Structures are given as structure tokens and as C-alpha cells.
Amino acid sequence: MQEEPNKYVKELTQEKYKYGFTTDVHTDIIEKGLNEDVVRLISEKKGEPEWLLEFRLKAYRYWLTMEMPTWAHLNIPEIDYQAISYYADPTKKKEGPKSMEEVDPELLKTFNKLGIPLEEQMALSGMAVDAVMDSVSVKTTFKETLMEKGIIFCSMSEAVREHPDLVKKYLGSVVGYRDNFFAALNSAVFSDGSFVYIPKGVRCPMELSTYFRINAANTGQFERTLIVADDDSYVSYLEGCTAPMRDENQLHAAIVEIVVMDRAEVKYSTVQNWYPGDAEGKGGVYNFVTKRGICKGNDSKLSWTQVETGSAITWKYPSCILAGDNSTAEFYSVAVTNNYQQADTGTKMIHLGKNTRSTIVSKGISAGKSQNSYRGLVRVSERADNARNYSQCDSLLLGSKCGAHTFPYMDIHNETAVVEHEATTSKISEDQLFYCNQRGINTEDAIGLIVNGYAKEVINKLPMEFAVEAQKLLSVSLEGSVG
Amino acid sequence: MLEIKDLHANINGKEILKGINLTVKPGEVHAIMGPNGSGKSTLSNVLVGHPAYEVTKGSVTFLGKDLLSLKPEDRSHEGLFLSFQYPVEIPGVSMVNFMRAAVNEQRKYKGLPALTASEFLKLMRQKREIVELDSKLANRSVNEGFSGGEKKRNEIFQMAMLEPKLSILDETDSGLDIDALRIVAEGVNKLKTPETSCIVITHYQRLLDYIKPDIVHVLYKGRIVKTAGPELALELEEKGYDWIKKELGE
């Protein structure tokens, strides 16, 4: 029997955004504004090699020639890129902490409050965690255990120092700096993030996980994650995000790149809960993220699962290039918008190899005055014989002031392709809610039940611990959406 | 148990109930009959607190409490149950999760600890037998893809799970074939105790052949115009409602 979602809801009904606290640590923040000197300063603070500085500068110069994209179904207020600080280091030490004793206790308290104990209890939960606050990776747990198997799991800064060849080979290989406006910006100023390398034939024995947190005011977070799964390897990776409640908007523009070699498999799960702004639409994080993986090897598999409940604006399309023959890709998504949140999210499945298969399951939930769009592209190239895609896009509406939109694009160049698309739109009806009320279930709990039932197919794809957290989040995000 | 005094209620500004008076004592079965549009379903919806209806006048006391001041879910927790005429489908929510939430919310209201998964499943198995509900249905989404008869059986199953003090059966016989009718009615009878009461809303005598009423009321144009023993239902079955209209001078 499935863990019923409802018992969590009650305790949470009084809560608003529970991660909205700030941490009082001394933070080394550079001056607001962006120019070549700032790019050089970031690179210098991180002690980077010349080639990486060159990479950043090329990206910066290219970014200057670009304009912010306007094609999304989003209303994005003008962003002053000179009013943001591009680097904030809460560890204030020149190098990252070497052991737990060196980490500021306030920081540890923060991550404990978030439910991410970095101490030895991690051993019990059997999960390795990299915690990134503002621009810097605070602590990576379990590194040594993983190292025994040859698995590299560390912050991006460390990877640049310790494994420069791997980073140089793969950084920007899936998402080039010319890819889009935010990718160029990230490539110029990216601060930290996680790096994962799974060697040939190794099955990663634990979930790898990164928690991102924006703490400092007026900063942007530009992390960069790179995952490489070599032949016959397997890894499951989870990313979680939170931010304090602030009246002003915060910018988050990340890049995730994944490379999957022959017969390897990568599962990437996200529970995104950046601060969504208040009920009047004030504040909140702008989440402009480029995520892409390539199934480079034959018989490789990549699976994206995302639960998106936070952010004032979300612009995000975790995508997959199915280059290897017989490769498989999946995209499972639940996106919730409430109040004045806006989300334009979906995926791209680019079929290049033969006998490639992709599955898209997108569940949008809109409430309040929010706008929720699914945007997806399925492309089958000329030589991708027998490619298959199945897409299912469902929208659930709560109330009558929100919007749900679906923009499926198909671009098929091979006549052996089989592409299916199904879409539904439904509404939680007054009658359904009243039926629950009559059986003794109050309206908020009833919505929690219905929404979790609706999103079950996606939630079930998450690793167990996070499935429970995601269920709670779905209910909390929709609080006060009726009534 | 239930005392309704001079109850008036509107829907969309139109007055449907025009002064209902009704007293139900513990252990009694009341039948409410009447032609279409007389206000039978409105009465049941008002009692369980459907938000579309507005009470403009009158009072309802249920087990000593002012029923109309309670939220719909608390009316349920206090022991009021409605078997819906048209049970709604809730896709994605399994009967198991739905009933577990319902049962545990009621327990919480009464200050009892939640049932564990195994206690709950055991309870479900026991109660399912009362209405011969297939275990496959219990694993499906609430009412989704159920036949008319299965939906009604599922209503009585939920009644068995929640053990209400007063149950309102709103045209539970509609859409049932004779076998389903018997199963549903026998289910209701098995659940009957000397402390629990029932209001049966129906057009037909055939349900009352199984669920024997103590008192029969005729509801007409928003008022109870006639109250008598079980023989009244037989008379209505035989003669229709015209003679009542005549009695009222219409």
C-alpha cells in the first residue's frame, strides 16, 4: 500500500514557505555589476587555469551580443544585470573547508534546518550530498567512500583543480556557451556546482545529491553541474533548491550537462522549491536554467524527473540528445504554479540514432492567478530510423483565474518514426471537493489528495525519500488556492 | 437526534425549501417521498452543508449541536452521512487512500490515534463484505469507471466504514437492478443499530420493501404536506401523488 500523502498535509497547513529564513554568516560578496574585470575577478578568486578564464571571457563577449529571449509564454520584468552581484562566498576562506571543523557552524545549522545534515548521520541515510550556498560549495560528504570505487563527486571548483582534463573535455560539450542567452551568461560567471564522474562498469552505490541555496541578498546564483557516466555505469542524482524569502527578485541561471556513454544510465531528479514570491507576486526567484544530456553511447539511457513548485518565473527545458543507437530518454515532470507564479517548462527530445525511444509525461497544475505552460519539441532526424516518442501532457486547473497552455512541436524527418501525443485538461470540481468534505476530508486535504493522485505517475519515479518530500511540497504549494 | 424547524433554503436565489419541520429519533427510519422538483435532494444537500445552497431561515439541531454552524467535514465527523444520488468520480485517488484519509480524519476529530496500514486494510476487508464490493474496485480510483450499481454499492461501503449516526440515502435505488437493490438494501439493514437512524429519499416503494420505514413523509413544493406510517408509501405507489394535490386543494 502506498504511503498516503494526506497525513503530512495537516501539519503543514499553517506553514507558508518554510525555507524563507536567512543565515547570518560573513559573506565575501564582490561589487554589483558585470564587466570583463568581474569575470576575471571570479576566475582569479577561484584560482582557475588560463583555459577556463578564456572560456569565460569568450562566453561573456558573446553574451554581450545577445538579447534576452522573448518567445516563452512568460511576462518577465526587465532585469538589470548590473544590479546583481555575481559572486558571494559564505565560507570567507580562500579555499573551501577541508573538514567539518572548518565549516562555519551557522552554515551547518542552515543546512540542518533544511533537513540536510552534513554530519556523519549522512552515513545512515546512505546518500552523498554536495551543498552549495550562494556561489560556493560548502561541503561534499562521502567523498572518500565514493573515491574507493573511482567515482568522483565534488564541487566544480575542486574538479577544475583536481581533474582538469575531464572538466576540459566535457565542459560546454553538451550546452555550448553560444546555446542561449542564459547559457552564455552562466558560462561567463558560473560560480560553483557539482561534478560527477562514474568510471566504466561502476554502479554508483548511493544516491548523489546536491542542495543549492541562495542566501546573500542581491546575488545571483549561477551554478554549473556536469555529470559523466562512462560505459556500463549507473548513477542516480538528485538536486534540491531553496532560497530565503526576499522582497526583491533573485536570479538563478544554471547549466546542467550530462554525458551518457555506451550502455550507461543516468537518472536525474530535481525537486525545485526556490522561493516563489508572496501571494501578491512580490519577490521570488527567476529560474532560467538550461539542462541537457546526451545519450552519446549505444543502448544508453537518460531519465529526467522534475517536481517544480517554486520560483516566481521558471524557464526550463531539460532535454536529451539521443545520439547513440537504441538509446532511451525519459522526461517526467510535475510543475505547480500558484498565486502569480509563471512557468514555461518542458523538454526537447532530439532523435539522431537508430531505434531511439523517448517518453514525455508532463503534469501541469495551475492555481491562483498563475500561468503554466508546457513547451516541448520532438525532433527525429533523417537517419534516426524507427524512432519512437510518446508524449502525454496533462493540465489540472484549480479555480478560474489561472491558465494552462500546451505548445508541442514536432519536427519529423524520417518516415519510420512513430510519434504519439496525448493531452488532457481537467479541473478540480466543486463537486469533487464537496464529496470529500462530506466524507470528513477538509478542502485543503482534499486538494492534496487529488493533486498527489494526479501527479502520482511522476512522483513514483523519484527516489523514495524524495517522493515523500515532493508530496508534501505539492500540498503546501497549493495552500490557499481555493476558498 | 435530528430536529429541523421551519427550514427555508435557496439555490441561485430561488426558494426551494419553504418551511420544513422534521424530527428524527434514534433508531428510526424515515422515508421522504414526493414528486420531482419538490425539494427532496435540496433537503439532503442543505443538511450536509453543500455550499451552493443558502439557508435563509430556520434551525437544525443534530445530537444537540447547531448543525448549520458546522463545516461540512465536521458534520461528517459528528456522524452525518449522505449517500449521494450521483456519486462523483475522483480520478487518480484510490479508494484506499480516500477512505484512509476519511477514517483517520474522523478519528482525529474524536481524539483517537490514526489506524495503522494493516489495521485499516483489515477494516476495509471486513466492511467490503457487507456490500459484496469487489476488492478490485477498492483498488481503483474513487468511482472511476464504476457502473451505476457499483457506485451505489460503494456509497454504502463508505457508510459502513464511517459508521454514521444518521444516514441520508438520496435515491440510492435509482439506476439499480433488482439484485443490486437487494444487496444495497441488505447492506443498509446490516448496518442498522437501535442507536442509528436513516432518512431514505425515494420515489418508489420497492426500496421500502427492503428497508422498512417507521414513518413516511410526503414532500411537496418545499413543505412536508403529509406524514403517516409505512402504509402511506404503499398508497402512493398505488395512486400516485394526484390525490395529495387534490387534498391540498390544487
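This is a predicted model: local features need pLDDT of at least 70, side-chain atom pairs count only at pLDDT 80 or more; totals for chains, interfaces and linings use all residues.
Which residues does Ala229(A) touch, not counting residues up to four places away in sequence? Residues are numbered from 1 along each chain as its sequence is written, and chains are lettered from A in the order in which they are written.

Back to Ala229(A): its partners are Ile198(A), Val235(A), Val259(A), Val260(A), Met261(A), Ala264(A) and Val266(A). Touching, or contact, here means C-beta atoms, placed from the backbone, within 7 Å.

Ala229(A) also belongs to the largest nonpolar core, which has 184 residues. Such a core joins buried Ala, Val, Leu, Ile, Met, Phe, Trp, Tyr and Cys residues through C-beta atoms within 7 Å, and buried means 20 or more other C-beta atoms within 10 Å. Val196(A), Val260(A) and Val266(A) join Ala229(A) as the residues with the most contacts inside this core. Its largest share, nine residues, comes from helix α11 (443-459) of chain A; helices are DSSP runs of H or I, at least four residues.

Now, where do the chains meet? On chain B, 26 residues are in contact with 21 residues of chain A. Helix α3(B) gives the largest share of chain B's side, eight residues.

Finally, how confident is the predictor? The pLDDT, its confidence in each residue from 0 to 100, averages 82 for chain A. Residues 92-100 of chain A fall below 50, with 14 contacts beyond near neighbours in sequence.

Definitions and conventions:
Two residues are in contact if their C-beta atoms, placed from the backbone, lie within 7 Å. Helices (H or I, at least four residues) and strands (E, at least two) are DSSP runs, numbered from the N terminus. A residue is buried if 20 or more other C-beta atoms lie within 10 Å of its own, exposed if 12 or fewer, and partly exposed in between; C-beta atoms are placed from the backbone. pLDDT is the predictor's confidence in each residue, from 0 to 100.
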